Amino acid sequence: MTPTAATATRAAGRREGGAGRRGGANAVGMVLALVRRDLGDPRQFRLPLLLDVAFGVVNLVVFLFISRVLTPATGTDLTRSPSYFDFVAVGITFLLVLQAASTQLTGRVIREQRSGTLELLAAQPVPVSALAIGTAGYPFLFVLLRSGVYLTILATVLGLRTEHADWWGVTVVLVAGSAAMMGVGIGLAAFTIAVGHGDGAARLVVVGLSFVSGTYFPVSELPGPLPELTAVLPSRIALDGLRAALTGGHWAWSAGALLAATALLLPVASWAFGRALRIAARRGTLKRD
Amino acid sequence: MLTVRRAQRRFGRRVIFTDLDLDVAAGARVFLGGSNGSGKTTLLRCLSGTLALSTGQATVGGHPVGSLPARRLTGVCLAPEQGLYEKLSARENVALVARLRLPRRAVAPAVAGLEEELDLTGYATVPVERCSAGMRARVSIARALVGGPALLLLDEPSRSLDDPSRLLLWQALDRRPELTCVIASHHADDRRRCQSALTLAAAA
């Protein structure tokens with residue numbers, strides 16, 4: 001390779017352009033700008049919501065019929081849920097959050113890498129935490145809406161028992177659970193940027209977390225020390241809290257634990273996101289073909 | 001404004017450029033030439049901070065490239081027909097970067113000004129996926145100019161532009177005499193409009 005050098009000369013001392021001096025956008029404004037970017041495309045919003053609701057209703061109806069045919073063994077701890085359907089319906093609703101944190105977020109990062117928009121964003125004066133949260137913001141806002149639609153259909157059409165439900169508690173746990181899972185999602189996005197293969201990793205995380213968190217069956221049925229070990233997982237804490245809030249139980253501890261998990265996970269995940277961007281810049285993979 | 005010292009970038013064993021030194025004063029325009037595959041885009045990516053140098057260092061306004069202050073000073077237009085949000089309109093694409101760079105009140109006037117300057121108004125509300133390559137290039141250039149950067153990195157900005165659009169581009173740059181530009185191009189006319197040139201040799 002040829003060593004090349006050049007010097008462009010022009011009278012030095014001219015004033016620098018305005019961007020360096022002028023006050024810029026603040027971090028909250030940047031996060032909102034990134035969320036607004038997604039809201040600006042209604043096609044990301046309307047049809048996916050309709051399709052998702054249709055898919056979700058069919059999925060829930062399948063479990064409604066399964067719960068009519070199969071009865072849990074006597075003594076099975078359904079964490080306060082009055083029936084298996086009530087148990088699994090909450091699991092499927094929170095599964096949406098797990099999917100938003102994993103497959104949807106990594107899918108989005110993969111698309112941004114391929115289209116070159118991730119490189120564009122990495123070149124902007126946006127702090128890493130704002131970029132990470134802004135990228136994850138829309139999928140999580142959307143999943144809260146979807147969860148609300150699911151719970152409404154469950155309560156009004158499919159017979160979910162909600163006579164003792166504390167809806168304030170349901171909302172708080174759902175929001176806190178989503179925030180905690182956002183940390184997991186940003187961590188997966190970081191893995192996707194730095195290593196690639198994020199789609200495979202995301203599917204593994206969804207299956208793994210739904211298996212050990214009590215989505216389809218009570219964690220008390222897990223072998224060995226797993227029931228105790230999985231007690232620290234935000235996904236399990238959120239599911240336990242949601243079931244408690246829907247059946248008039250105590251949900252405040254779950255909400256507090258989820259907020260603490262968020263306070264720990266989000267900064268760690270944002271740091272990992274920043275590291276991933278630096279690794280990708282070193283390897284030249286911020287844009288992948 | 002822009003300083004590069006003993007810079008090298010390689011991918012594996014393939015060296016793209018090495019021992020590169022560059023000093024660009026504020027307000028200067030540097031033409032970046034070289035044949036296809038000579039590393040022009042790679043160098044621009046390194047200067048924007050989205051690709052790290054393998055060795056050496058580069059600074060913008062005294063700040064290491066890739067740092068937050070350097071990114072604040074740098075406007076980037078890499079692969080001008082790509083890197084746009086396809087479902088968003090030209091206006092929304094420019095506004096996104098404006099919201100990331102400017103205070104809220106300054107966003108709308110900045111976007112409107114650039115729409116007029118680069119003649120985007122006729123298709124400002126059309127999704128970018130329905131725009132021609134030349135229209136998309138103008139959107140990318142407008143986006144790079146948002147917020148009045150001190151350094152502008154343009155990667156073959158005129159390859160898809162017709163003559164009137166190229167004139168718009170150069171008029172926009174001429175209106176900003178304080179703006180430092182590094183422009184990768186194959187056009188002789190672009191070379192003529194720059195004060196100095198840096199030619200990269202193709203990798204062996």
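Which residue's charged end sits over the ring of Phe11(B)? Let's work through this and a few more exercises together.

This is a predicted model, where local features need pLDDT of at least 70, side-chain atom pairs count only at pLDDT 80 or more, and totals for chains, interfaces and linings use all residues. Residues are numbered from 1 along each chain as its sequence is written, chains are lettered from A and ligands numbered from 1 in the order in which they are written, and side-chain values use heavy atoms, with hydrogens and water left out.

**Exercise 1. Find the charges over rings.**

Step 1: A charge sits over a ring if NZ of Lys or CZ of Arg is within 6 Å of the ring centre and within 35 degrees of the ring normal.
Step 2: In chain B, the residue we want is Arg9(B), whose charged end is 4.4 Å from the ring centre of Phe11(B).
Step 3: In chain A, Arg68(A) lies over the face of Phe65(A), 5.2 Å from the ring centre.

**Exercise 2. Explain why Tyr84(A) and Phe87(A) count as stacked.**

Step 1: Rings of Phe, Tyr and Trp (its six-membered ring) pair if their centres lie within 6.5 Å; planes under 30 degrees apart count as stacked, over 60 as edge-to-face and the rest as tilted.
Step 2: The structure has four aromatic pairs over all chains. In the pair of Tyr84(A) and Phe87(A), the centres are 6.3 Å apart and the planes lie at 20 degrees, so the pair is stacked.
Step 3: Both belong to helix α3 (residues 84-115) of chain A; because they are three residues apart, about one helical turn separates them. Helices here are DSSP runs (H or I, at least four residues), numbered from the N terminus.
Step 4: Buried means under 20% relative accessible area, exposed over 50%, partly exposed in between (1.4 Å probe, protein chains only). Tyr84(A), at 18%, is buried, and Phe87(A), at 0%, is buried too.

**Exercise 3. Describe the pair Tyr138(A) and Phe142(A).**

Step 1: Their ring centres are 5.7 Å apart and their planes at 10 degrees, so this pair is stacked.
Step 2: They sit four residues apart in helix α5 (residues 128-156) of chain A, about one helical turn from each other.
Step 3: Tyr138(A) and Phe142(A) are both buried.

**Exercise 4. Is Gln113(A) buried or exposed?**

Step 1: Start with its place, which is helix α3 of chain A.
Step 2: Its relative accessibility is 2%, so Gln113(A) counts as buried.
Step 3: Contact means heavy atoms within 4.5 Å. Not counting residues up to four places away in sequence, Gln113(A) touches residues including Leu118(A), Thr192(A) and Arg288(A).

Note on methods
Helix = DSSP H or I, 4+ residues; strand = E, 2+ residues; numbered from the N terminus.
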